[in-house]
Each structure stands twice: as C-alpha cells, then as structure tokens.
Amino acid sequence: MGAKPSIQVPICNCLPTDGLPYKAYEAAMKGHLSIISHYLTMRGNVNATYGGETMLHAACKNGRENVVHFLLKINSLCVNLRNNDNETALMLAAGHGYKDCVQHLLENNFRCKIELHCKNNEEHTAVDIAHLRNHQEVAYYLSSFFQKPPPYTASQCKSSMKIPTK
C-alpha cells in the first residue's frame, strides 16, 4: 500500500481533460510528430489524457526528446499535470534517466513555473527519483536548479492537478 500524497496547493491553474485517443498517446511514446501534429491541428487538446497520462508524460517516460521539444512550443501545455502515481512529466524523465528531456523541461519558459519541489505518491521529488534509480548525471543536473530557495514549500505544490482516475 503506497503512502498518501502530500496535500498540495497548485501554483498554476492547469487542468487535465479526458479523451486523448490512444493513437496520439502512442505517437508520443514512439516519437511520431506527424500524428501528434495532426491530432492537435484537428483541435485536439494537448492536456488530454489516456490512461491517466498526457502526451508529455508519454514522451518523457520514453525519452522522446523531439516530442517534448515540440509540445513545449504549445502555449496551452500544462507541464505540471500529474499521472495516477502523482508524477509529473519531469519526474518520469528523471526516473528514466532522459537528461535531454529533463533539460528541455527546465530550460524553457512556461506560463506557469515548473514544479521542482513537489513529491509523488512515494514522497519523492524528481531529484530523489533520479538518485534512487541511479541516474546521477540527471540528479546532479536537477540539483543545479535548487540553488535558490523555492517560492513555495513542497506542501504548496499541486496534487489538485493530479489527473483523475475513472
């Protein structure tokens, strides 16, 4: 039985929506930009979910740097949405050791600040996850963003942006 997630207050007001077609989710997993672009051109929602995850989650956990880079150009993208394990895309990229995806996430500007201090259901941050999975280069890179104190405490992050399960 996993630990209960921390009560977290959002620092931005992103909300996920259901209804991401599997074809678009799979395209994000496999790095097929043409399918993703077509889906979005046909008024698809970049924050839509399939099985509790967005295209950004799928791209980050599969190391699809090209998809991450593409999605980060979309103004309505919410980088802080959580999957069913209360993990952000940053946590997934860090946990799988995909430094290029982590770099893209941290070095781009967003309409809301990316959350570095939030914790998943196991009470681990992205840095913790990278350390635990022996991705030390990623953990060191993430740690370099912690030089300034956060503008909020870990308990003020947002689990309310956790993607609802059915």
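**Ground rules**

This is a predicted model, where local features need pLDDT of at least 70, side-chain atom pairs count only at pLDDT 80 or more, and totals for chains, interfaces and linings use all residues. Residues are numbered from 1 along each chain as its sequence is written, and side-chain values use heavy atoms, with hydrogens and water left out.

The pLDDT (the predictor's confidence in each residue, from 0 to 100) averages 85 over the chain, and 78% of the residues score at least 70. Over residues 1-7 the pLDDT stays under 50, and the model has 11 contacts beyond four places in sequence for them. Residues 151-156 also stay under 50, with 16 such contacts. Contact here means heavy atoms within 4.5 Å. Where pLDDT is low, the predicted coordinates should not be read in detail.

**The overall layout**

The chain has eight helices and two strands, and along the sequence they follow the pattern β-α-α-β-α-α-α-α-α-α. Helices (H or I, at least four residues) and strands (E, at least two) are DSSP runs, numbered from the N terminus. Of the 166 residues, 46% are buried. Buried means under 20% relative accessible area, exposed means over 50%, and partly exposed is in between (1.4 Å probe, protein chains only).

The accessible surface of the chain comes to about 8500 Å², and carbon and sulfur atoms account for 51% of it. Those areas come from the Shrake-Rupley method with a 1.4 Å probe; for residues, only the protein chains shown count as cover. Among contacts between residues at least 6 apart in sequence, 78% join residues at least 24 apart.

**Helices α1 and α2**

On α1, the buried residues are Ala24, Tyr25, Ala27, Ala28 and Met29. They pack against α2, α3 and α4.

Next comes α2, spanning residues 33-41, where Ile36, Tyr39 and Leu40 are buried. Seen down the axis of α2, its buried residues fall within an arc of 95°, so they line one face of the helix; the arc is that of the directions from the helix axis to the C-beta atoms. The general rule behind this is that an α-helix has 3.6 residues a turn, so residues three or four places apart point the same way. On the face of α2 turned away from its buried side you'll find the exposed residues Ser34, His38 and Thr41. The buried residues of α2 pack against α1 (22-30), β2 (48-49), α3 (55-61) and α4 (65-71). Just after α2 there is another positive phi, about 70°, at Arg43.

**Salt bridges**

Side chains of opposite charge can pair when their charged atoms come close. A search of the whole structure turns up four salt bridges, meaning a side-chain nitrogen of Lys or Arg within 4 Å of a carboxyl oxygen of Asp or Glu. Here are some of them:

| Pair | N to O distance |
|---|---|
| Glu26 and Lys30 | 3.1 Å |
| Lys61 and Glu53 | 2.8 Å |
| Glu115 and Arg82 | 3.8 Å |

Glu26 and Lys30 are four residues apart in helix α1, which puts about one helical turn between them. Glu26 is partly exposed at 24% relative accessible area, and Lys30 is partly exposed at 43%. In the next pair, Lys61 is partly exposed at 24% relative accessibility, whereas Glu53 is buried at 8%.

Glu115 and Arg82 are both buried. This pair links distant parts of the chain: Glu115 sits in the loop between α6 (99-107) and α7 (126-132), Arg82 in the loop between α4 and α5, 33 residues apart.

Asn80 is in the loop between α4 and α5 (89-95) and is buried, with a relative accessible area of 0%. Its side chain reaches the backbone nitrogen of Glu115 at 2.9 Å. Gly52, in the loop between β2 and α3, is buried too, at 9% relative accessible area. The C-alpha atoms of Gly52 and Arg82 are separated by 8.2 Å, with the two residues 30 apart along the chain.

Definitions and conventions:
Polar contact = N/O pair within 3.5 Å; in protein donor to acceptor, adjacent residues only side chain to side chain.
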